[in-house]
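Please examine the sequence and the structure shown below before reading on.

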Amino acid sequence: MALLNKPPAVLALEDGTLYRGYAFGVPGDTVGEIVFNTSMTGYQEILTDPSYHGQIVTMTYPHIGNYGVSVYDMESNRPFARGFVVREFSRTASNHRAHQDLQSFMEQHAIVGIEGIDTRALTRRLRTGGVVKGVIHHGAVDDAEAAELVARAQAHADIDGRDMTPEVTTPLPYARPTFRETPRVVVIDFGIKHSIVYKLEQAGAEVIVVPAQTTPAQIMALDPYGLVLSNGPGDPDGPRYAHDTVWQMLGLVPTYGICMGHQLLGLAVGGTTYKLRHGHHGANTPVKNVVTGEVEITSQNHNYAVDVDTIPGNQFRATHVNLNDGTLEGMAHVRYPVFSVQYHPEASPGPHDANYLFRRFIEEVNAFEGATSLPTGTALAEG
Amino acid sequence: MPKRDDIHTILILGSGPIQIGQAAEFDYSGTQACKALRAAGYRVVLVNSNPATIMTDPDVADRTYVEPLDPAHVEAILAAERPDALLPTLGGQTALNLAKTLWETGVLERHGVELIGANYDAIHKGEDRRAFQEAMAHIGIDTPAGRMVSTLDEALAFAGEIGYPAIIRPSYTLGGSGGGVAHDEAEFRRIVRQGLHDSPVHTVLVEESVLGWKEYELEVMRDHNDTVVIICSIENLDPMGVHTGDSLTVAPAQTLSDKEYQTLRDHSIAIIREIGVDTGGSNIQFAVDPTTGRVIVIEMNPRVSRSSALASKATGYPIAKIAALLAVGYHLDELPNDITAETRAAFEPSIDYVVTKIPRFAFEKFPGARHDLGTQMRSVGEVMAIGRTFKESLQKALRSLELDVRSGLRDVSDADLEARWVPGPTRILALLEGLRRGVTPQALHERTAVDPWFLAQLAEIIEAERELSCLAAPTLWTPEVWREVKRLGFSDAHLADLTGSDEASIRAARIAAGGTPVFKTVDTCAAEFEAYTPYHYAAYEVEDEVAPSDKPKVVILGSGPNRIGQGVEFDYATVHAVWALKEAGFETIMINSNPETVSTDYDTADRLYFEPLTFEDVLNVVDREAPEGVIVQLGGQTPLKLAGRLEAAGVPIWGTPAAAIDRAEDRDGFLALCREVGVANPEGGVATSPEEARTLAQRIGYPVMVRPSYVLGGRAMQVVRSDAELAAYLDDVYAELEGTPTILVDAFLEGATELDVDALSDGETTVVAGVMEHVEGAGVHSGDSACIVPPVGLDAALLDEVRDAAIRLTDAIGVRGLINLQFVVKDGRVYVIEANPRASRTVPYLSKAIGHPLAKYAALISAGRTLRDLGFTATPTPPLYAVKEVVLPFHKFVGVAPILGPEMRSTGESMGLDADPWRAYEKAQRGAGQVLPHGGRVRLVGDGLDDVADAFAALAFDVSRGPLDPGDEVATDLLIDVTGGPDLRRALEAGVPYVSTRDAARWTVEAIRATRDAPLRVAALQDLGAA
């Protein structure tokens, strides 16, 4: 291994910025919107989170790959991130849980990576300049080639307004039978992380995961006691059909939205969403539960947020707010047992502070006797 | 909830003298707490016997008591100040133990004082092994199989069950004092016996060994609203078995997956809740089995700790400040994160760099002590470095250590090298050298259990060394090669060594190729938010975030790692310089590498660069900032050593010029200068070879004092009495030190009185700030001798002569700022033995004694002010007698005789203040942990003690002479042994007060006479008119 003469690679941004580094992962090129994540652990969960579909991820922590890759840490069946940008990837994987190292994982799943660039500079660029598209290219480039890469980044389609769910949702429904007397919960998969399913099971649910385009009638035919709207990639304005599904299901069974599921809920009842300047991607965001006054440290991964004030008729009230920037982190319906959070209570990666939401949800599902005796969503948000 | 308004006055306990396991980090935490609580509107009363601290500056608290940290004195202060609350979590184990005693004995209740920050139950559960284990069992978290025992027999029975090696941990001791790892029964018996003795409650925990497991620490904060956040995770490169204070540690954790890290996080939260630490910081240690991932909790400290200081500096999160504010009722989400201003203190820092801490040891000062490391902490200081990668931060940390031994271990045999792979002070260097000699990382892992990831990183450094040696000359390196080489952390000096070049050429070639660093910011949030706090480090990256301002700037060089001879006193001086120059309108810039200190708090100076104090790293900052001046004279020997090279590189050195420093340091020059101004020296000279040294010694006549030039704290200084002793000494010195240093040989004036003098000069006027009379005579290093100001044993004429000599010497050297001079007086004659044109160890003590901030004056003089401007034109008369006593770490070094000598070995000091000199001495003793008996048995060993025996007899002591009876029991209440015999060690281990010199014996008997019938009295510095 030559430390002082590593294979070159470049990252070209749409604004013309060029970062020169070294190639890792599978040889080749990739293009996408670049987002940064400030989690110091959990790179595998991040790479395999379908919410990163179509995006190039950069990690702010400089050493990536240290503890390898484990089959137990997959958040879906494969990586969804389109490219990986790190300060230094580890050639050694050291952990008893590791089944392979990061390099072979990236080769196996054809992910293009670049290391050795000033990822802090890139992060500051993303922070101040908003979402930026870029191209990772393996190999040395001259000025003309660099200009071509920049042009490719510029030409890449924006995520805004696109429906990416068909690319990530399960093609067929699948069930996780429990062989016990447990309430059945249907989860609509907009790009679900496995951990959401595990947490629901742990909280005591029989889980059926259905494709994003499943109709309300099909869902009700499964006789659910609860409904979960999963996370997923892209602009929540994209999957319009989902807005209708959620609207029609509203109030029928206790409902719990996570991340994109939260945004879809806001849109379904007539609210609006907006794109954040650089999104929230990390595992250290403080969120205050305004119902209980408690503070949770949360795992976050989103570029869009719900504007709760735009929801007509004050149907929802804010239950959680972000202590850093005051954005909406959770809301609950004032009449129905329907609540949602913008962050990731299933963590993975990240702190487990909000795991209680799964427990609370299942408690309400268990108590569910019909639309007349329902507690409000606000009660659900209590810890 | 906002702050509590039912409490108004808060008492804060400091941690007392610096000692191993409890160092400058508690000055940092206490100072932060005082500042934060006063800013929140509370009246703060501080007690700390350590005068060398910033926190005991009269400006820091409302009321400052430099008094012994014992129940009697604290109770007197409670009665005088009537505080509503006591905050015990910021003064280390000393404060926590004292608070516990005050609670148990009903003192707090009697005075209506509430414990805040940690309640009694939490302290008990966190510190008492059995209570802790029960608490952990309650929440289902594993602890090592263990049993609390109070007899050796019980211990042996349990060891029979778990086998060897076994771990022994005494309850309620500092830095694991008295504990250890026993590999067999004999060792087990020895350690258990010691541990039972050292534990104030005479119990030890015997535990299953988890040697070789991975070791982690988490720093946790909790508020009254039950919000819990993790500030930092730390991974030890040295696996379980080495005290974390002695381990090379890295932040954040490197080899844990998110699943594993979150398990530790969940455990930490459950633990802080179960133990019931209401508010503030705690430190929790875990061991993780590298093969199964099984996690066990080792211990938790329900208080701010050394690791908290490290975590604060590693992340930028001010743990002590926030802990203090939480204690008075604030919630984490109500407090701002100072660094980002917009976000809250309720969050978990994310860092985008790697922090490495390496401890600094002082084994060379304790010949005969075993060098292997265990569960008992023995390092005396530490360095921290920040790099973008582990490799870079490790190499920066290594050069921050300023080791003067042959650090490459190039010449040691393979067998010797292997012996150094066991935990020891040079282990990291030995691992690197092993890789250099072709040992595989796998083999090293099998030998040391160091995680393969760390070994792979070390191997990459060595691999790069190999590649470098195959490259063309550095002048031909491409910018890409320079970037990669510097990113790996190689210094110019290291590259010069690897390529057979010199540092200046490397620097020139590097700069020609555009190889200069940029500066990044420590911002707690990995760049997610804008940062406003100017805390920076250098990196070889693309983007520079730091724009120099156009204000006039001064760079103040810090003192680097604490070590014996260069401790918190120098941090005190540099912080004072920062404060003074800020007030004078300068932008102050601090460079330092010591995470324990106030100087490396991001809100001390206007800008903080956390960087090694080497020529290259300092020049990087100076080049970037272009300051008006650089101050080198306040941080001790570390910055002073750089003065010449910096000045030669065109850096404006403020204060005493480098040439003047040389004049004082250069032996011949100094002697000539003394002759010129008519001040006598003890006869002496300089030898550049063993033969010369012998000739010189014979000419002067034995005994002579010998030492290498340019060393610190009396390193390798010795009194030799014959040719044979001299030869043995020279062999040792040449073996240990780089090159062949010149050796200074001086007449040794036996029985003389030593004096320390600190003086200030602005070039026009010179003022002696104080003359301090040593209690111990010549032959005891000035840093290890007790001393008193004003002197009691010199007549006025002689004192005038000393002052006059000091002024003449100071003027002749050309000092601008502080100078410390050492004199000896024998038979009515005054000799000067040393002049150090810099701030000395005695500056903070003297400043407090006379009520003048000398380091501030020195800084202002270097900025152009005069002593007349400052109103400091005559030697002040102290309002009280002030005695300084030292604390020595002998109990940590098994088998070392606890005697004083020319080699400095003390780690810290206490101060006693009283209108009576003997009572001041007694207080200083007490502050240093030696409580003198008021009656009972005294044992005197050695000649020349008849007058002492008579004096004790007159005080109705039961006096006996001659060595103690052999056996376990030390049958006396006070031992005076001036023979350096083995009884001293026995007394030390038995916790019996002991005195090892005739001078101190005389002071001791007077101190007992003066205090035994007198009521205890305490005084606040603010009442003395001290500044």
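What distance separates the centres of domain 1 of chain A and domain 2 of chain A, taken over C-alpha atoms? The centres of these two domains of chain A are separated by 29 Å. This is a predicted model, in which local features need pLDDT of at least 70 and side-chain atom pairs count only at pLDDT 80 or more, while totals for chains, interfaces and linings use all residues. Residues are numbered from 1 along each chain as its sequence is written, and chains are lettered from A and ligands numbered from 1 in the order in which they are written.

Chain A is divided into domain 1 (8–155) and domain 2 (165–380), with bounds that come from an automatic or database domain assignment. Across the boundary, 23 residues of domain 1 of chain A are in contact with 23 residues of domain 2 of chain A; two residues are in contact if their C-beta atoms, placed from the backbone, lie within 7 Å. Strand S3 (29–37), helix H1 (43–47) and helix H3 (119–129) of chain A each supply at least two residues of the side of domain 1 that touches domain 2. Helices (H or I, at least four residues) and strands (E, at least two) are DSSP runs, numbered from the N terminus. S3(A) gives the most to this side of domain 1, with three residues.

Chain B has 34 helices and 38 strands. The radius of gyration of chain B is 28 Å, close to the 31 Å that the globule rule gives for 1027 residues, so chain B is as compact as a globular protein of that length. The radius is taken over C-alpha atoms, and the rule is 2.2 Å times the number of residues to the power 0.38. Along the principal axes, the C-alpha atoms of chain B fill a box of roughly 75 × 70 × 60 Å.

The two chains also meet: 51 residues of chain B are in contact with 47 residues of chain A. Helix H9 (258–275), helix H16 (452–470) and helix H17 (479–487) of chain B each supply at least two residues of the side that touches chain A. The most comes from H16(B), with seven residues.

Within chain B, seven strands form an open sheet in the order S14-S13-S10-S11-S12-S15-S16, with antiparallel pairing. Two strands pair if DSSP finds at least two bridges between them. The edge strands, S14 (295–301) and S16 (381–387) of chain B, each pair on one side only. Strand S13 (residues 280–288) of chain B is joined to S14(B) by six bridges, and B:Ile284 has B:Met300 in S14(B) as its bridge partner.

A further open sheet of chain B has four strands in the order S36-S35-S37-S38, with parallel pairing. Why is one side of S36 (958–961) and of S38 (994–995) of chain B left without a neighbour in the sheet? Both strands stand at the edges, each with a single partner strand, so one side of each has no neighbour. Two bridges join strand S37 (residues 974–977) of chain B to S38(B), and B:Ile976 stands opposite B:Val995 in S38(B). Helix H33 (residues 983–990) of chain B packs on this sheet, touching S35, S37 and S38 of chain B.

Note on methods. Axes are lines fitted to C-alpha atoms, for helices over the stretch in contact, and angles run from 0 to 180 degrees between N-to-C directions.
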